[in-house]
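Student: I have a new structure to look at and would like to learn how to read it. Could you take me through it step by step?

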Amino acid sequence: MNFLGYPSTLGGLVDYLVGDRVATPTDLAHGYSEKLVLLPHSYFVNSHRELYPASRSMRMHTDGGRMTDDFLKGVDTFDGDAARVPPLEVINQYRLQYGFPPRLEGNGSSDGEGIIFANLGQLYKVDNKLFYTWLDILRAVPKAVLWLLRFPKDAVINIEKVLKKEGMTGRVVFTDFLPVEDHISIKQMADIGLDTVGFNGHTTGADPLWAGVPMLTVPEEKMASRVGCSQAMALDIGEDTITHSIEEYKQRAVRLATNVEELRQLQHKLATSRAVSPFFDTSRWVKSFGRAMRMSADVASASTRFMHIVVADSERGPE
């Protein structure tokens, strides 16, 4: 059975591939040698609710513009309520530390002032077409910036060359890997996630979603390109964040960045959804996976012919 480690077919080495109705729909089953095990929501298991029960502190103790250990120890931003959006002062304290412009109060401005687009996956997933699409977005939103991970080094060097050639130096901000204990909290300072196309963010897609950052994505046929779509549908924000072409992806990004009221509504929708969504309900996922394993074992013991397995959801919500 192929599960999680390699998001594609193994070409006949195993009998089953674990996916879901969105990441691996049956109408694309011809692309897999395996029979499909379809979990009721996203196949992508995570434990964000358990590992990161809340963002860091509303209490800010700073020293020269940097957060002190007292700040980083912190208290819960959510106060036990995962549906809560972090206060503006918390967002802007992180932005100050990492060299980003402050998020504006109210509905912002039509030129994208204070907007941060983000993709914190490794840069090997970014091809020329996608990167120039990101540059088109930045041109259309002249005061926004793009936040990327400074890894791998060769990719950063290539990107900086392109930025200089295109006259866009300063529009992309790189950061190193974030501290594990605080990385979700820090990611709250982004406004809009931009998923990679062809090979989506997996953990690096789930992280910003738990941080309350909606991620725009473009599903294609293969499983690795549909994980962002799977996550969005499990969070009930698919209609807001799933696009069906690179041009629609670009237009949606520009629209959200220049219509901040719509963007804030989407962020609140995501914040509300993550509190009740099956995507962040690990115990619910485990029960579904257990049913899937029992069903596949029953099929194997009763027949020499494997078949697709569709798992129903017997849960109504988080326990």
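Predicted model: local features only at pLDDT ≥ 70, side-chain atom pairs only at ≥ 80, totals over all residues.

Tutor: Gladly! Residues are numbered from 1 along each chain as its sequence is written, and side-chain values use heavy atoms, with hydrogens and water left out.

Student: How many helices and strands does the chain have?

Tutor: There are 12 helices and 10 strands. Leu-4 lies ahead of them in the segment before strand 1, and Leu-4 has a positive phi of about 75 degrees although it is not a glycine.

Student: Is Leu-4 buried, exposed or partly exposed?

Tutor: Buried means under 20% relative accessible area, exposed over 50%, and partly exposed in between (1.4 Å probe, protein chains only). Leu-4 has 33% relative accessibility, so it counts as partly exposed. Asp-236 also has a positive phi, of about 60 degrees, without being a glycine. Asp-236 sits in the loop between helix 8 (227–234) and helix 9 and is exposed, with a relative accessible area of 57%. Over the chain, buried residues make up 53% of the 319 residues.

Student: Which residues make a nonpolar surface patch?

Tutor: Like charges are joined within 9 Å, and nonpolar side chains (Val, Leu, Ile, Met, Phe, Trp, Tyr) within 5 Å. Areas come from the Shrake-Rupley method with a 1.4 Å probe; for residues, only the protein chains shown count as cover. Here Tyr-6, Leu-10 and Leu-13 make a nonpolar patch of about 320 Å². Tyr-6 is in the segment before strand 1 (16–20) and is partly exposed at 45% relative accessible area.

Student: What does the side chain of Asn-119 reach?

Tutor: A polar contact is a pair of N or O atoms within 3.5 Å; within protein, one must be able to donate a hydrogen and the other to accept it, and residues adjacent in sequence count only if both atoms are side-chain atoms. The Asn-119 side chain reaches the backbone nitrogen of Gly-121 at 3.0 Å and the backbone oxygen of Leu-194 at 2.6 Å. Asn-119 belongs to strand 5 (residues 116–119) and is buried, with a relative accessible area of 7%. Contact means heavy atoms within 4.5 Å, and residues touched by Asn-119 include Trp-134, Trp-147 and Asp-195.

Student: How far apart are the end C-alpha atoms of helix 11?

Tutor: The expected span of a helix is 1.5 Å times one less than its number of residues. Helix 11 (residues 260–276) has 17 residues and should span 24 Å; its end C-alpha atoms are 25 Å apart, which agrees. Its buried residues, among them Leu-263, Leu-266 and Leu-270, pack against several elements, including helix 1 (48–51), strand 8 (192–194) and helix 10 (246–258).

Student: Where is the cis peptide bond?

Tutor: The bond joins Phe-151 and Pro-152, with omega about -5 degrees. Pro-152 lies in the loop between strand 6 (145–149) and helix 5 (153–165).

Definitions and conventions:
Helix = DSSP H or I, 4+ residues; strand = E, 2+ residues; numbered from the N terminus. Patch = residues over 30% accessible without salt bridge, like charges linked within 9 Å, V, L, I, M, F, W, Y side chains within 5 Å. Salt bridge = Lys/Arg side-chain N within 4 Å of Asp/Glu carboxyl O. Lists of a residue's contacts leave out its neighbours within four places in sequence.
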